[in-house]
Amino acid sequence: MNVIFLDIDGVLNNQDYAVWLHDKMHITTGVYRVLDPKSVQCLNDILAKVDAKIVISSSWRVLHSYKELGEILENQGLKNGSELVIGQTPKSRRDWERGD
C-alpha cells in the first residue's frame, strides 16, 4: 500500500487563496480553514494515479481526529476522503512550533 503523509497548511490551503477569499469574496474570518479547490483537485489527481491512502501529518491533527479530518477534506472536495484518510502521525508537545 502506498501512503501519502499529508500536511494541510501551505499545501491544500495557501496565502494566495486566502487573500482571494478576503479580497474578492469578502470573507474575513476562517480563510485558512477553507481549502484551495485547485490544490484539492491536484491531490485528487495524484490519488487517482497511485493507489494510496492518506496519513495526516498536519498540525490540524491536534484539533481533529483523523476521521474528522477525512470528513473535512471530503466536504471540501477530496473524493472519498473519509475512506482514504487512515491515520495520523503521533502528536507531540511541539506540534504548534513552526520550523520556518
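Helix α3 (residues 66-75) lies across β1, β2 and β3 and runs at about 135° to β3. Helices (H or I, at least four residues) and strands (E, at least two) are DSSP runs numbered from the N terminus, and angles run from 0 to 180 degrees between N-to-C directions, with axes as lines fitted to C-alpha atoms, for helices over the stretch in contact. The model is a predicted one, in which local features need pLDDT of at least 70 and side-chain atom pairs count only at pLDDT 80 or more, while totals for chains, interfaces and linings use all residues. Residues are numbered from 1 along each chain as its sequence is written, and side-chain values use heavy atoms, with hydrogens and water left out.

The chain contains four helices and three strands, which follow one another along the sequence in the pattern β-α-α-β-α-α-β. The strands form an open sheet in the order β1-β2-β3, with parallel pairing. Because β1 (2-6) and β3 (85-88) stand at the edges with a single partner strand each, one side of each is left without a neighbour in the sheet. On average, neighbouring strands of this sheet are turned by 30° against each other, direction ignored. Helix α2 (residues 37-49) also packs on the sheet, where α2 touches β1 and β2, and its direction makes about 165° with that of β1. Contact here means heavy atoms within 4.5 Å.

The pairing can be followed strand by strand; two strands pair if DSSP finds at least two bridges between them. β1 and β2 are joined in the parallel sense over five bridges, and Asn2 has Ala52 of β2 as its bridge partner. Strand β2 is mostly covered, with four of its five residues buried, where buried means under 20% relative accessible area, exposed over 50% and partly exposed in between (1.4 Å probe, protein chains only). Over the chain of 100 residues, buried residues make up 32%.

The largest nonpolar core has 16 residues, of which Leu12, Ile54 and Leu73 touch the most other members. Such a core is a set of buried Ala, Val, Leu, Ile, Met, Phe, Trp, Tyr and Cys residues joined through side-chain atoms within 4.5 Å. Two or more residues of this core come from each of α2, β2 and α3. Beyond its neighbours within four places in sequence, Leu73 is in contact with Leu6, Leu12, Leu35, Ile56, Leu78 and Val85.

Ile86 belongs to strand β3 and counts as partly exposed because its relative accessibility is 36%. Neighbours within four places aside, Ile86 is in contact with Met1, Lys53, Ile54, Val55 and Tyr66. Its C-alpha atom is separated by 8.3 Å from that of Gly70, 16 residues apart along the chain.

Lastly, the largest pocket holds about 160 Å³ of space. A pocket is an open set of points on a 1 Å grid over the protein atoms alone, where a 1.4 Å probe fits, with protein on both sides within 12 Å along at least five of seven lines; lining residues have an atom within 4 Å of a point. Its volume is the space filled by probe spheres set on the points, which are joined across faces, edges and corners. Of the 13 lining residues, Asn44, Leu47, Ala48, Lys79 and Leu84 lie nearest the centre. Helix α2 gives the largest share of this lining, five residues.
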